[in-house]
Amino acid sequence: MEEKNFLVLAQNRKFLPYYGESQKKWEEPFFFIQAADTQYGMHASYKLKNLDLGWEEEIAWSKQLVKDINAMYPKPKFLVVCGDLTDAFPDSHPDLRKRQVKDFKKVFAGLDIPLVCVCGNHDVGNTPTPSTVAGYKKDFGDDYFSFWCGGVFFIVLNSQFYEDASKTAALAAEQEIWLEEQLEIVRNENPQHAVVFQHIPWFISFPEEDKEYFNMEYGLRMEMLERFHSAGIRYIFCGHYHRNAGGFYKDMEQVITSAVGVQLGDTHHGYRLVRVLENRLVHQYFALGTAPTHVHLPSRKPMLPPAAAAAASPARPVWSFTSTATGEVTPTRKPSLAL
Ligand SMILES: [Fe+2]
């Protein structure tokens with residue numbers, strides 16, 4: 001696929017594939033894929049300590065991700081990558097970043113389902129500026145937005161504003177005003193579930209833990225967790241940690257998903273399959289190449305076998321792509337899964 005086939009889908013604080021009143025209605029269970037830290041270039045910069053060594057490893061890992069997802073039946077509603085799409089910082093290495101972004105787009109243009117991009121610290125810089133945020137928006141779309149999908153309300157945040165807004169006070173304040181409006185929607189419109197996507201987690205294992213590199217400052221953390229919970233948010237999905245982790249604040253779950261790219265623990269490169277059921281979300285992490293091709297969902301509608309479903313399906317929506325993704329050799333995959 002070519003870079004130009006990659007579509008920027010988050011605009012005007014909306015997500016174009018799922019836009020409109022019809023998405024507010026819950027009809028039946030569905031699933032989506034959550035991933036994080038594809039981080040093109042980290043293997044060279046962090047593991048090999050040589051920025052000139054490219055990102056062939058990350059390209060191979062994300063091609064496998066695309067290949068896995070495109071083989072799934074039924075299709076997930078979307079793939080969300082929770083930040084650090086690429087590694088090179090926009091302020092210190094803009095040219096390197098440009099090349100990484102180009103290759104990221106070439107791979108993900110082959111994805112058959114909509115891609116939800118979330119910005120991480122490597123995408124807008126550890127201390128974002130109006131210029132780095134504008135650059136991100138040009139490449140990947142809005143840094144924060146919301147959308148309804150199948151009766152569920154999803155809020156995508158720019159978590160870097162909570163980490164360091166010293167050069168983006170006005171932009172961070174705008175996100176806060178907007179976020180309050182989104183929480184008001186959760187309070188008033190009673191979605192089936194309300195879910196937040198962001199890069200940096202509020203905490204790693206439990207809300208009362210000390211501040212460290214991978215979590216948020218304690219006071220802000222507790223304030224935001226209570227703000228989310230009292231509005232009705234019950235799930236927060238994050239990345240940044242390059243390991244699987246997470247925990248609960250009251251009955252609100254925060255899930256941290258390891259990286260598609262470089263691992264900092266002993267987890268395998270992978271992603272999370274999230275089934276959205278009527279009364280809860282159920283999620284499971286899979287190593288690349290090991291997820292099921294056939295995902296069972298409790299459904300009112302009888303499921304057609306894949307070949308019959310393909311024949312009966314309508315023309316592709318305009319935001320979709322024909323996949324020509326070529327991945328690496330796929331390890332043995334389970335044919336089906338009921339979580
Ligand atoms: Fe990362």
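This is a short tour of the structure above, one selection at a time.

**Before you start**

The model is predicted, and local features need pLDDT of at least 70, side-chain atom pairs count only at pLDDT 80 or more, and totals for chains, interfaces and linings use all residues. Residues are numbered from 1 along each chain as its sequence is written.

**Stop 1**

Now keep S12 and S13, which pair in the antiparallel sense over 7 bridges. Two strands count as paired if DSSP finds at least two bridges between them. Look for valine 276, which stands opposite leucine 281 in S13.

**Stop 2: the nonpolar core**

Which residues touch the most other members of the largest nonpolar core? Select Leu79, Val81 and Val116, out of 85 residues in that core. A nonpolar core is a set of buried Ala, Val, Leu, Ile, Met, Phe, Trp, Tyr and Cys residues joined through C-beta atoms within 7 Å. Buried means that 20 or more other C-beta atoms lie within 10 Å of the residue's own, exposed means 12 or fewer, and partly exposed is in between, with C-beta atoms placed from the backbone.

Stay on valine 81: leaving out residues up to four places away in sequence, valine 81 touches Ala35, Ala36, Thr38, Leu115, Cys117 and Val118. Two residues are in contact if their C-beta atoms, placed from the backbone, lie within 7 Å.

**Stop 3**

Select residues 56–70, helix H2, with 15 residues. From first C-alpha to last, H2 reaches 21 Å, close to the 21 Å expected at 1.5 Å a residue; the expected span is 1.5 Å times one less than the number of residues. Its buried residues include Trp61, Leu65 and Ile69. The elements they pack against include strand S4 (79–82) and helix H3 (94–108).

Move on to proline 74, in the loop between H2 and S4. A cis peptide bond joins tyrosine 73 to proline 74, with omega about -5 degrees.

**Stop 4**

Select strand S6 (residues 145–149): 5 of the 5 residues are buried, so S6 is largely enclosed by the rest of the structure. Phe145, Phe147 and Cys149 point one way, while Ser146 and Trp148 point the other. In the hairpin, 2 residues lie between the strands, and glycine 150 takes a positive phi near 60 degrees.

**Stop 5**

Are asparagine 190 and histidine 242 buried or exposed? Asparagine 190 is exposed, with 12 other C-beta atoms within 10 Å, whereas histidine 242 counts as buried, with 25 C-beta neighbours inside 10 Å. Phi of asparagine 190 is positive, near 50 degrees, and histidine 242 has a positive phi of about 60 degrees.

Note on methods
Helices (H or I, at least four residues) and strands (E, at least two) are DSSP runs, numbered from the N terminus.
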